[in-house]
Amino acid sequence: MERRDVGPRDVLIKIHFAGICHSDIHTGRNEWGEANFPLVPGHEIAGTVEEVGSAVEKYAVGDRVGVGCLVDSCRECVNCRAGEEQYCLNGNTGTYGSIGADGRPTDGGYSTHIVVDQDFVLGIPEGISLDEAAPLLCAGITMYSPLKHWKAGPGSKVAIVGMGGLGHMGVKLAHALGAEVTVLSQSLSKQEDGERFGADHYYATGGEHGAKTFAELAGSFDLIVNTVSATLPMGKYLSLLTLDGTMVSVGAPSEPLQVPAFALIGARRSWAGSAIGGIAQTQEMLDFCAEHGIGSTIEVIGGEQIDEAWERVISSDVRYRFVIDTATFES
Ligand code: NAP
Ligand code: ZN
């Protein structure tokens with residue numbers, strides 16, 4: 001795979017670490033039905049600047065930087081101008097699987113280098129190691145953005161559904177924002193970890209405890225963020241919201257989610273969706289994480305372990321993000 005030449009506004013990044021997001025797996029298995037192969041996945045990139053173009057003023061050689069899910073957008077539409085490049089009306093350019101400004105397919109972070117326009121490069125603050133920072137570029141911002149938008153904070157009760165890569169970041173961030181945090185996981189097997197990440201409560205939604213959980217928590221939460229990569233019985237989860245509560249879907253299963261109207265009507269509830277976050281908010285999230293000592297909880301692997309890691313993610317056996325040490329690609 002070749003990267004484009006470094007243009008005037010480009011930054012050449014030596015990738016040190018790349019996180020494995022479940023979206024890589026949905027894409028790699030063509031579960032969303034829109035992948036163009038061959039492609040190189042990876043949109044949780046952390047590394048250092050190796051070269052900058054002549055007009056680059058934001059970064060210098062040696063800087064610690066990251067790249068998330070976006071490498072470009074139109075920059076002119078109302079959403080881009082509002083700093084919501086992820087909702088670009090003319091279609092943003094994804095880090096992989098899109099067509100770049102040079103007309104060639106974009107390729108992601110499971111690689112040693114990437115060339116990105118300076119406006120889509122993030123600064124990784126001192127105090128977060130590059131390996132623990134990589135997953136913040138997708139999992140971190142995907143949770144931070146809806147938590148901020150729906151005002152998670154002191155006095156609000158937030159539930160995080162699914163404690164995988166996104167979910168564990170949701171617990172850490174919602175706790176740091178001051179919310180009362182509950183994890184809704186399939187079982188209690190990760191309860192100790194959840195509490196260590198900042199959960200105040202932890203419930204199982206499956207097995208023998210499932211029915212009791214839904215009965216006990218009915219009408220409890222102001223905000224539920226659903227990170228699950230598969231379909232769920234939405235009515236049961238919506239019944240856990242308070243009057244005017246909101247459930248936000250960030251998980252993106254390939255099959256449609258079905259919502260019974262009365263689960264919404266019964267307490268003026270809302271069901272919403274949210275995609276990653278804009279570039280400015282991603283930098284805000286990184287700075288927030290540095291300030292609160294938050295990184296991702298990771299398992300670092302070599303390139304030869306990617307297939308095995310994907311299988312473990314699919315079977316919910318991830319603790320809590322796999323991060324590829326890209327130095328292993330060169331050995
Ligand atoms: P992940 O690490 O696999 O976490 C998903 C978690 O969901 C699992 O750890 C598991 O948690 C739970 N889960 C999995 N299958 C389940 C099932 N059948 N029933 C109930 N719970 C189940 O995945 P991720 O990387 O966090 O990504 C999660 C989803 O978000 C994916 O669909 C991904 O494509 C999507 N995503 C969306 C955005 C966005 O911008 N909206 C960004 C990134 C990713 P427990 O074991 O705790 O139950
Ligand atoms: Zn992702």
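Biologist: Why is Glu299 called partly exposed?

Modeller: First, a reminder that this is a predicted model. Glu299 has a relative accessible area of 28%. Buried means under 20% and exposed over 50%, so Glu299 falls in between and counts as partly exposed.

Biologist: And what makes Arg312 and Glu299 a salt bridge?

Modeller: Their side chains come to 3.0 Å, N to O. The cut-off is within 4 Å, so the pair qualifies as a salt bridge. Arg312 lies in helix α11 (residues 306-314) and Glu299 in strand β14 (residues 298-301), so this bridge ties together parts that are 13 residues apart in sequence.

Biologist: How many salt bridges does the structure hold?

Modeller: There are 19 salt bridges in the structure. One of them joins Lys58 to Asp119, with the closest N and O atoms 2.5 Å apart. Lys58 sits in the loop between β2 (45-52) and β3 (64-67), while Asp119 sits in the loop between β6 (113-117) and β7 (122-123), so the pair ties together parts that are 61 residues apart in sequence. Lys58 counts as partly exposed, at 45% relative accessibility.

Biologist: Why is the pair Arg319 and Asp317 called a salt bridge?

Modeller: The N to O value is 4.0 Å, and the cut-off is within 4 Å, so the two side chains are taken to meet in a salt bridge. Arg319 is partly exposed at 30% relative accessibility, and Asp317 is partly exposed at 32%. Elsewhere, salt bridges that share partners join Arg9, Lys58, Asp72, Arg75, Asp117 and Asp119 into one network.

Biologist: What makes β14 and β15 a strand pair?

Modeller: Pairing needs at least two bridges. Four bridges join β14 to strand β15 (residues 321-325), so they pair, and they run parallel. Ile301 stands opposite Ile324 in β15. The chain crosses from β14 through α11 to β15, and this β-α-β crossover is right-handed.

Biologist: Which residues are the protein donors of the zinc ion (ligand 2), and how do you know?

Modeller: They are Cys21 (SG), His43 (NE2) and Cys138 (SG), at 2.0 to 2.2 Å from the zinc ion. Donors must lie within 2.8 Å of the metal, so these atoms qualify. The spacing of the donor residues in sequence is C-x21-H-x94-C. His43 is in the loop between α1 (22-28) and β2, and Cys138 is in the loop between α3 (130-133) and α4 (139-149), so this pair ties together parts that are 95 residues apart in sequence.

Biologist: Are His43 and Cys138 buried or exposed?

Modeller: His43 has a relative accessible area of 8% and Cys138 has 4% relative accessibility. Buried means under 20%, so His43 counts as buried, and so does Cys138.

Biologist: What makes Phe197 and Tyr320 an edge-to-face pair?

Modeller: The search of the whole structure finds three aromatic pairs. For Phe197 and Tyr320 the value is 5.1 Å centre to centre, with 85 degrees between the planes. Phe197 is in helix α6 (residues 191-197) and Tyr320 in the loop between α11 and β15, 123 residues apart. Phe197 and Tyr320 are buried.

Biologist: Where do Phe214 and Tyr237 lie?

Modeller: Phe214 and Tyr237 form an edge-to-face pair too, at 5.1 Å and 85 degrees. Phe214 is in helix α7 (residues 210-216) and Tyr237 in helix α8 (residues 234-238). Phe214 counts as buried at 10% relative accessibility, and Tyr237 is buried with a relative accessible area of 4%.

Biologist: Why is Ile276 called buried?

Modeller: Its relative accessibility is 14%. The cut-off for buried is under 20%, so the label holds for Ile276. Ile276 is found in the loop between β13 (270-273) and α10 (279-291), and has a positive phi of about 20 degrees although it is not a glycine. Gln86, which is buried at 8%, touches Ile276, among other residues.

Technical notes:
Residues are numbered from 1 along each chain as its sequence is written. Chains are lettered from A and ligands numbered from 1 in the order in which they are written. This is a predicted model: local features need pLDDT of at least 70, side-chain atom pairs count only at pLDDT 80 or more; totals for chains, interfaces and linings use all residues. Side-chain values use heavy atoms; hydrogens and water are left out. Helices (H or I, at least four residues) and strands (E, at least two) are DSSP runs, numbered from the N terminus. Buried means under 20% relative accessible area, exposed over 50%, partly exposed in between (1.4 Å probe, protein chains only). A crossover is right-handed if, with the strands pointing away from the viewer, the path from the first strand over the helix to the second runs clockwise. Donors are N, O and S atoms within 2.8 Å of the metal (3.2 Å for Na, K and Ca); water is not among the atoms, so sites may look incomplete. Contact means heavy atoms within 4.5 Å. Rings of Phe, Tyr and Trp (its six-membered ring) pair if their centres lie within 6.5 Å; planes under 30 degrees apart count as stacked, over 60 as edge-to-face and the rest as tilted. Lists of a residue's contacts leave out its neighbours within four places in sequence.
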